[in-house]
Amino acid sequence: SMVSKAALRSRSTRTDAEPRSDLCVLMCICVCCVSRWKNWWIRGVLSLAMISGFFMIIYLGPIMLILVMTIQIKCFQEIIDIGYRVYHSYELPWFRTLSWYFLICVNYFFYGETLAEYFGALVQREDSLQFLVRYHRFISFIVYLAGFCMFVLSLVKKHYRLQFYMFAWTHVTLLIVVTQSHLVIQNLFEGMIWFIVPISIVICNDIMAYLFGFFFGRTPLIKLSPKKTWEGFIGGFFGTLVCGFILAYLLAQFQYFVCPVEYNSETNHFTAECEPSDVFVMHQYTLPFTVQNILTWKTVNLYPYQIHSVLLSTFASLIGPFGGFFASGFKRAFKIKDFADTIPGHGGIMDRFDCQYLMATFTHVYIASFISFSQFLKCNPSKNSLF
C-alpha cells in the first residue's frame, strides 16, 4: 500500500507538472512573439522616418554633400571607438588624436580634388583658391607627412606592435569610409539619379529581405548572420528588381535628376540643367519572340536607364549583402552586437551603411565603364578603332 500511495503521488505530481510546463512554453512563445512584433514595429517606424528624411534631403538638392560628410564622420567615429574601447587600457599615446588628424588630412585631399574638378569657375575667381588648387597635392602630402612623423615619435617600446595595429586600423577605416564617401560625391555630380537610385535600392533590398524573412523565413542563409534566411534573400532580390525598375522610370523623366550637377558661379548655386543623354531618352525595344508569345506585345518603350537599374539592383541584392556579412564578421570578432546604439532597433549609422559603401563603389565603376566611356566613344567616333 505504501508503494501504491507513492505511485499515486508521483502520477499526480506529473499530471500537475504537465499543464504547468505547457503553460510555461505557451507564455515563452507569447513573450517571443510580442518581442518580435515590437522589434518589427520599432524598425518599421524608424525606417519610415529615415526614408522620409532622405526624401526631404533630396528635395533640398545638392546640399546632400553635407549629409554625406556628416555620415562619413559618424561612421568613422563608430569604428575608431570600437578600437579605443578594446585597447584603451593600454593608454596608447595620441591614438585618438592621430586618428582624427588623419581623417582631416584625407578629407582635405579628397574635397580639394572635388573643388578643383567641379568648382573651376569659383577657383578662377579667387586667388587664394588658385594657390591651394595648384599646390593641392603637395600640401596634402606635407600635411599627411606631419601626422606620419607624429606617429613615429609617439612609439613606446612596450607597445610597438599594438601601436602599429592601431595605425593600420585607422588607415583601413579611412579606406573603407572616406574613400568610398568620396565616390558617393562623385556619383552625385554625375546626376542625382546616380546618387538616389543606388541608395534607394539598397534600402529597398534591406526592407524586402527583412519582410520576406520575417514572414516566410525558415532556411538559414549564412552563419555570420543567423537571422538571414534564403527566403528573405530571394524575396529581397525580386522585390529590389521591381523597386529599382519603377524608381528608374519615375526619376528618368525629370531633368533635375538626370543632368550632371554643376556649380553656377554667377548665382553661387548648384544647377542641374542639360539636354538629357540617350540613357535618359525613351527608346522602343523589340521583345524576344518567346516573350512576345507570352505577353502578346511585340515592342516595349523603356528608358535605357531602366535596363541599367536592373543591373544595379542585381548587384545590390546579390553582392551588396556581403557588405553586411563583412560587418557582421567584424562585430563578431569583437563580440559586439552593433557598431553603436544611435538608432533604436537599427544600431549605429555604420550598421545602416555597411552595404551602401560597397554599392557606391560599384556605381562609380559602372558609370566610368559603361556610361561615361560609351558617351566618350559616341562623341569621338575616331577613337572606336583603338578599342
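Me: Let's start with sulfur. Which residue does a disulfide join to Cys204?

Reply: Cys243. This is a predicted model, and in it the two sulfur atoms sit 2.5 Å apart.

Me: What is a disulfide again?

Reply: A covalent bond between the sulfur atoms of two cysteines.

Me: Where do Cys204 and Cys243 lie?

Reply: Cys204 is in helix 8 and Cys243 is in helix 9, so the bond ties together parts that are 39 residues apart in sequence.

Me: Is Cys204 buried or exposed? And what about Cys243?

Reply: Cys204 is buried, at 9% relative accessible area. Cys243 counts as partly exposed, at 28%.

Me: Which hand does the link of Cys204 and Cys243 have?

Reply: Right-handed, with 55 degrees about the S-S bond.

Me: How many disulfides are in the whole structure?

Reply: There are 2. Cys259 and Cys274 form a disulfide too, with their sulfur atoms 2.0 Å apart. That link is left-handed, with -90 degrees about the S-S bond.

Me: Where do Cys259 and Cys274 sit?

Reply: In loops. Cys259 is in the loop between helix 10 and strand 3. Cys274 is in the loop between strand 4 and strand 5. The two cysteines are 15 residues apart.

Me: Are Cys259 and Cys274 buried or partly exposed?

Reply: One of each. Cys259 is buried, at 0% relative accessibility. Cys274 is partly exposed, at 27%.

Me: If I number the bonded cysteines in sequence order, what is the pairing?

Reply: It goes 1-2, 3-4.

Me: OK, new topic. How many residues does the largest nonpolar core have?

Reply: It has 40. Ile193, Trp194, Phe280 and Tyr305 have the most contacts inside it.

Me: Which helix gives the most to this core?

Reply: Helix 8, with 9 residues. Other elements that give two or more include helix 2, helix 7 and helix 14.

Me: Why do nonpolar side chains end up together?

Reply: In soluble globular proteins, they tend to be buried together.

Me: Back to Trp194. What does Trp194 touch?

Reply: Leaving out residues up to four places away in sequence, the list is Asn187, Phe280, Tyr305, Leu312, Thr363, Tyr366, Ile367 and Ile371. Two of those names, Phe280 and Tyr305, came up with the core.

Me: How many residues are in the second, separate core?

Reply: That core has 27 residues, including Ile82, Val106, Leu162 and Val178.

Me: I also clicked on Phe102. Where is Phe102 found, and is it buried or exposed?

Reply: Phe102 is found in helix 3, which covers residues 95-118. Phe102 is buried, because its relative accessible area is 2%, under the 20% cut-off.

Me: Which residues is Phe102 in contact with?

Reply: Setting aside neighbours within four places in sequence, they are Tyr144, Gly147, Phe148, Phe167, Thr170, His171 and Leu174. The C-alpha atoms of Phe102 and His171 are separated by 8.2 Å, though the two residues are 69 apart along the chain.

Me: Take Thr170 from that list. Where is its place?

Reply: In helix 7. Thr170 is buried as well, at 4% relative accessible area. Beyond its sequence neighbours, Thr170 is in contact with Phe76, Ile80, Phe95, Ser99 and Phe102.

Me: Now holes. How many cavities of 30 Å³ or more does the structure hold?

Reply: It holds 2. Of its 13 lining residues, the closest to the centre are Phe95, Leu98, Phe151, Gln163 and Phe167. Helix 3 and helix 7 are the elements that give two or more residues to that lining.

Me: What kinds of residues line the largest cavity?

Reply: The lining divides into 9 nonpolar, 4 polar and no charged.

Me: And how is the lining of the second largest cavity divided?

Reply: Into 4 nonpolar, 4 polar and no charged. That cavity has a volume of about 40 Å³. Helix 7 supplies the largest share of its lining, 4 residues.

Me: Last one. What volume does the second largest pocket have?

Reply: About 370 Å³. Of its 18 lining residues, Ile79, Val172, Ile176, Phe326 and Phe330 are closest to the centre. Helix 7 gives the most to this lining too, with 7 residues.

Definitions and conventions: Residues are numbered from 1 along each chain as its sequence is written. This is a predicted model: local features need pLDDT of at least 70, side-chain atom pairs count only at pLDDT 80 or more; totals for chains, interfaces and linings use all residues. Side-chain values use heavy atoms; hydrogens and water are left out. Buried means under 20% relative accessible area, exposed over 50%, partly exposed in between (1.4 Å probe, protein chains only). Contact means heavy atoms within 4.5 Å. On a 1 Å grid over the protein atoms alone, a cavity is a set of points where a 1.4 Å probe fits but cannot get out, and a pocket is an open set with protein on both sides within 12 Å along at least five of seven lines; lining residues have an atom within 4 Å of a point. Grid points are joined across faces, edges and corners, and a volume is the space filled by probe spheres set on the points. A nonpolar core is a set of buried Ala, Val, Leu, Ile, Met, Phe, Trp, Tyr and Cys residues joined through side-chain atoms within 4.5 Å. A disulfide is a pair of cysteine sulfur atoms within 2.5 Å. Ala, Val, Leu, Ile, Met, Phe, Trp, Tyr, Cys and Pro count as nonpolar, Asp, Glu, Lys and Arg as charged, and the others, Gly among them, as polar.
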